Amino acid sequence: MLEAAAALLSSGGPSAVTVEAVTRTANVARATLYRHFPSGNDLLAAAFNSLMPPAPAPPEEGSLRDRLISIVLAQADAVSQAPAVMTAMSWLALGRDLEGLPEPDHTRSADSPAITTLRERIAQQYAAPFDVLFDSPEAAELGEVDRSRAIAMLIGPLVLGRLSTLPDFDYRECAFAAVDGFLHVQRAAGRANAATTESAGA
């Protein structure tokens, strides 16, 4: 059933993953599907999760700038080569009551474990490589890093650019600018915090 749902999702998007289509493709009864997946939304969340690529591995060598650029470019490539990530994010953000995915009454409540897992998997997809780098000794110069804001600053422009139809968009140049801007702001904040700490201790 999960393989059938993933195949339908890949070929036709979320709207193709109806309970009827999945049960027909997998040759199972609706009752059998609901024994494994409490709702159509749980099935779709599981299908999205099965299509997620692994998070890019951060490089182990190079300057802090070079390693950040490498991670940002890898994330940009993942966006363009694995659209399931972006589609899943849109699905979660826009609301999950899609036509063709009838929900039993008892499932219309807070996020189910399958949807929570999908949310966590997407967050991990973006955060994991940066967490490794920001936790490394080389990143100590940056001081305390707001991880969510850093990821938004570093990946946000690339995601927008990769999803846009701008003909002259240079994603490599954008990556360099995003990393240089982040490092400039973060280093300045680190120096200011250090100066404040020194003044307080004097």
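Helices are DSSP runs (H or I, at least four residues), numbered from the N terminus, and strands are runs of E of at least two residues. The crossing of H1 and H2 is right-handed, a term used if the near helix is turned clockwise from the far one by less than a right angle.

This is a predicted model, in which local features need pLDDT of at least 70 and side-chain atom pairs count only at pLDDT 80 or more, whereas totals for chains, interfaces and linings use all residues. Residues are numbered from 1 along each chain as its sequence is written, and side-chain values use heavy atoms, with hydrogens and water left out.

Next, show the side chains between these two helices. Ala 4, Ala 5 and Leu 8 of H1 meet Ala 21, Val 22, Thr 25 and Ala 26 of H2, contact meaning heavy atoms within 4.5 Å. By class, this contact of H1 with H2 comprises six nonpolar residues, one polar and no charged. Ala, Val, Leu, Ile, Met, Phe, Trp, Tyr, Cys and Pro count as nonpolar, Asp, Glu, Lys and Arg as charged, and the others, Gly among them, as polar.

On the H1 side, Leu 2, Ala 5, Ala 6, Leu 9 and Ser 10 take part, and they meet residues of H4 including Leu 43, Leu 44 and Phe 48. The contact of H1 with H4 has 10 nonpolar, two polar and no charged residues.

Which residues of H1 are buried? They are Ala 4, Ala 5, Ala 6, Leu 8 and Leu 9, where buried means under 20% relative accessible area (1.4 Å probe, protein chains only). These buried residues pack against H2 and H4. After H1 comes Gly 13, with a positive phi near 80°.

Now select Leu 68, Leu 118, Phe 130, Phe 134 and Phe 182, which have the most contacts inside the largest nonpolar core, a set of 51 residues. Such a core consists of buried Ala, Val, Leu, Ile, Met, Phe, Trp, Tyr and Cys residues joined through side-chain atoms within 4.5 Å. Centre the view on Phe 134; leaving aside neighbours within four places in sequence, its contacts include Leu 68, Leu 154 and Phe 182.

Move to Arg 67 in helix H5. Arg 67 counts as buried because its relative accessibility is 7%. Beyond its neighbours within four places in sequence, Arg 67 is in contact with residues including Glu 60, Glu 61 and Glu 138.

Then select Gly 161 in helix H8. The relative accessibility of Gly 161 is 9%, so this residue counts as buried. Gly 161 and Ala 76 are 85 residues apart in sequence and 9.0 Å apart in space, C-alpha to C-alpha.

Finally, display the whole protein chain, which has nine helices and zero strands. Of its 202 residues, 40% count as buried.

Note on methods
Buried < 20%, exposed > 50% of the residue type's maximum accessible area, 1.4 Å probe, protein only.
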